[in-house]
Each structure stands twice: as C-alpha cells, then as structure tokens.
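Work through the exercises below with the model open. Try each task before reading its solution.

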Amino acid sequence: MKICVFVNMMILVEYQKERKQVAAIMRRIYRQGLTTCSGGNISLRVDDDRFLITPSALDKGTINYRQIALMTLSGENLSPGLKPSMEADMHRTILRHREDIDAVVHAHPKHASFFTAIQSSKIRTDLLAEARFVLGEPVFSPYALMGTPELGKNLKSALAGGEYVALLENHGVLTIGKTLLEAFDRIEVVEVAAEMTFMSEYSVKLSPLNNRRLNEIDAMNT
C-alpha cells in the first residue's frame with residue numbers, strides 16, 4: 001500500500017503541469033456545455049510511450065489533476081488507484097496511429113452530436129472561414145459500442161487521411177490536435193458550425209464560401 005502511494009506521488013509530481021492542463025480543459029468543456037458531468041474524456045501524450053487520460057465515472061465539472069491517470073500506449077495503467085476512462089483504448093489507438101498529434105478530446109456537444117444520428121446530412125464548414133480553416137471537413141465514423149476496441153479501429157480508419165474532426169455515429173464528437181488547446185478549439189468550433197448548419201435550414205438565402213475561397217483556405221493548412 002505504501003509503495004502504491006509513493007509511486008502515485010512521484011507520478012503526480014513529474015506530470016503535475018500536464019495533469020493540470022488536462023483537468024482544466026475538461027472542466028472548461030463542461031462549463032461550456034459541450035458535455036455532461038459523466039460524459040467525455042481527454043488524453044495528452046507526454047512522451048513517446050506514455051499519455052495522460054481523464055478518469056472514469058467522475059464529475060467532469062470538478063475534476064482535478066490528482067485524478068488524471070497515466071498510461072502506456074500498450075495499455076498499461078501506470079497510476080495505481082486511478083481508473084482511466086472506459087474509452088482509454090480509443091485514445092490509445094488514435095495516439096499510436098496519428099504521430100502528428102498529441103491531444104485527443106471526446107465530448108457530446110448537443111448540436112454536433114445530433115449530426116451523428118443523421119447520415120444523410122453533414123455539418124457545413126463553408127459558411128464561415130474560421131470553421132473551414134480550423135475543421136476542414138469533419139468525417140463520419142461508423143457505430144461501435146462505447147468502450148470497445150472496435151470504436152478505436154473505426155476512428156483509426158476514419159482519421160487515416162489526416163482529418164482532425166470525427167462524428168461518432170449515435171455517440172458524440174472527437175477532435176485531435178498538436179496541443180490540448182488546438183483540440184479544444186476544434187470541439188468548440190465544430191459545435192458552432194453545427195448550430196449554424198441548423199440555422200441555415202431557415203435562411204431565405206445563403207451566401208456560402210465559393211470554391212475559390214474554400215481552396216484558398218484549404219491551402220493555408222498545407
């Protein structure tokens with residue numbers, strides 16, 4: 001017991017700054033109404049083989065850095081006494097196969113999540129230049145039961161083309177980025193874009209970005 005406590009204390013000291021960042025972004029996501037108190041999870045790569053991840057079954061609105069678990073990319077929990085998110089395998093799979101990013105954010109923003117149940121429609125990113133620049137084109141990831149390896153496998157395929165935003169069928173939204181702030185920004189922007197897509201259904205006349213303008217914006221990300 002004493003050994004476990006000592007190990008936890010050492011890990012908390014070593015990654016205190018990063019853990020505080022993860023906890024702060026999770027609380028911010030909850031405050032922004034982008035998820036429920038029990039929903040959503042965040043991970044952050046801290047070196048070539050390890051990442052931090054939010055816990056399972058804890059209030060996302062009051063989470064603190066001491067509750068952030070440390071895991072290896074092979075799936076080992078390095079935080080005795082802490083229970084990582086049930087979606088840990090999904091995060092691990094994405095971090096292993098997208099070496100260009102270090103942060104993964106999964107949440108359930110209401111407007112964007114609604115689009116995960118509408119296969120015949122998509123979130124428009126051609127109404128605002130910011131949405132196009134930050135999001136590109138969100139991709140659709142087929143349904144898989146939460147917490148299962150299939151969920152990670154589906155997302156691995158969906159994000160294989162270098163995309164940064166995925167709509168998980170009948171589930172929620174996942175964004176990735178080089179930093180936590182970048183991934184968080186995308187979850188906010190995709191929710192705004194989803195709400196604007198809803199609003200566009202009631203507009204008399206839309207003026208979306210034309211192909212030339214879309215291509216100019218896309219070129220800024222290459």
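Helices here are DSSP runs of H or I with at least four residues, numbered from the N terminus. The model is a predicted one.

## Exercise 1: Placing Val134

Task: Find which helix holds Val134, and decide whether Val134 is buried or exposed.

Solution. 
- Step 1. Val134 sits in helix α5.
- Step 2. Buried means under 20% relative accessible area.
- Step 3. Val134 has 12% relative accessibility, so it counts as buried.
- Step 4. Now look across the chain. Val134 and Arg213 are 79 residues apart in sequence, and their C-alpha atoms are 15 Å apart in space.

## Exercise 2: The aromatic cluster

Task: Determine how many aromatic pairs the whole structure holds, and classify the geometry of Phe114 and Phe198.

Solution. 
- Step 1. A search of the whole structure gives 2 aromatic pairs.
- Step 2. In one of them, Phe114 and Phe198 lie 5.2 Å apart, centre to centre, with 50 degrees between the planes.
- Step 3. Planes under 30 degrees apart count as stacked, over 60 as edge-to-face, and the rest as tilted. The pair of Phe114 and Phe198 is therefore tilted.
- Step 4. Phe114 belongs to helix α4 (residues 110–114) and Phe198 to helix α7 (residues 180–200). They are 84 residues apart, so this pair links distant parts of the chain.
- Step 5. Phe114 is partly exposed at 44% relative accessible area. Phe198 is also partly exposed, at 27%.
- Step 6. Take Phe115 and Phe198. Their ring centres are 5.0 Å apart and their planes meet at 50 degrees, so this pair is tilted.
- Step 7. Phe115 lies in the loop between α4 and α5 (129–135), while Phe198 is in helix α7. The pair therefore ties together parts 83 residues apart in sequence.
- Step 8. Phe115 has 3% relative accessibility, so it is buried.

## Exercise 3: Salt bridges within helices

Task: For Arg186 and Glu182, find the N to O distance and explain why they are about one helical turn apart.

Solution. 
- Step 1. Arg186 and Glu182 form a salt bridge, with their closest N and O atoms 3.6 Å apart.
- Step 2. An α-helix has 3.6 residues a turn, so residues three or four places apart point the same way.
- Step 3. Arg186 and Glu182 are 4 residues apart in helix α7, so about one helical turn separates them.
- Step 4. Arg186 is buried at 8% relative accessibility, whereas Glu182 is partly exposed at 27%.
- Step 5. Apply this to helix α8 (residues 211–219). Glu216 and Arg212 are 4 residues apart there, about one helical turn. Their side chains meet in a salt bridge at 2.9 Å, N to O.
- Step 6. Glu216 is partly exposed, with 44% relative accessibility.

## Exercise 4: Surface patches and an enclosed helix

Task: Identify the residues of the negative patch and of the nonpolar patch, then explain why α3 is largely enclosed.

Solution. 
- Step 1. Asp48, Asp49, Glu76 and Glu99 gather in a surface patch of negative charge.
- Step 2. Asp49 is in the loop between β1 (41–45) and β2 (50–53). It is partly exposed at 39% relative accessible area.
- Step 3. Met86, Tyr143, Leu145 and Met146 form a nonpolar surface patch, with about 430 Å² of accessible area together.
- Step 4. Met86 lies in the loop between β3 (69–72) and α3 (88–97). Its relative accessible area is 48%, so Met86 is partly exposed.
- Step 5. Move on to α3. Here 7 of the 10 residues are buried, so the rest of the structure largely encloses this helix.
- Step 6. The buried residues of α3 are Ala88, Met90, His91, Arg92, Thr93, Ile94 and Leu95.

Terms used. Residues numbered from 1 in each chain as written. Predicted model: local features only at pLDDT ≥ 70, side-chain atom pairs only at ≥ 80, totals over all residues. Heavy atoms only, no water. Patch = residues over 30% accessible without salt bridge, like charges linked within 9 Å, V, L, I, M, F, W, Y side chains within 5 Å. Areas by Shrake-Rupley, 256 points an atom, 1.4 Å probe, with all protein chains shown as cover. Salt bridge = Lys/Arg side-chain N within 4 Å of Asp/Glu carboxyl O. Lys, Arg positive; Asp, Glu negative; His and termini not counted. Charge placed at Lys NZ, Arg CZ, Asp CG, Glu CD. Helix = DSSP H or I, 4+ residues; strand = E, 2+ residues; numbered from the N terminus. Buried < 20%, exposed > 50% of the residue type's maximum accessible area, 1.4 Å probe, protein only. Phe/Tyr/Trp six-rings, centres within 6.5 Å; stacked < 30°, edge-to-face > 60°.
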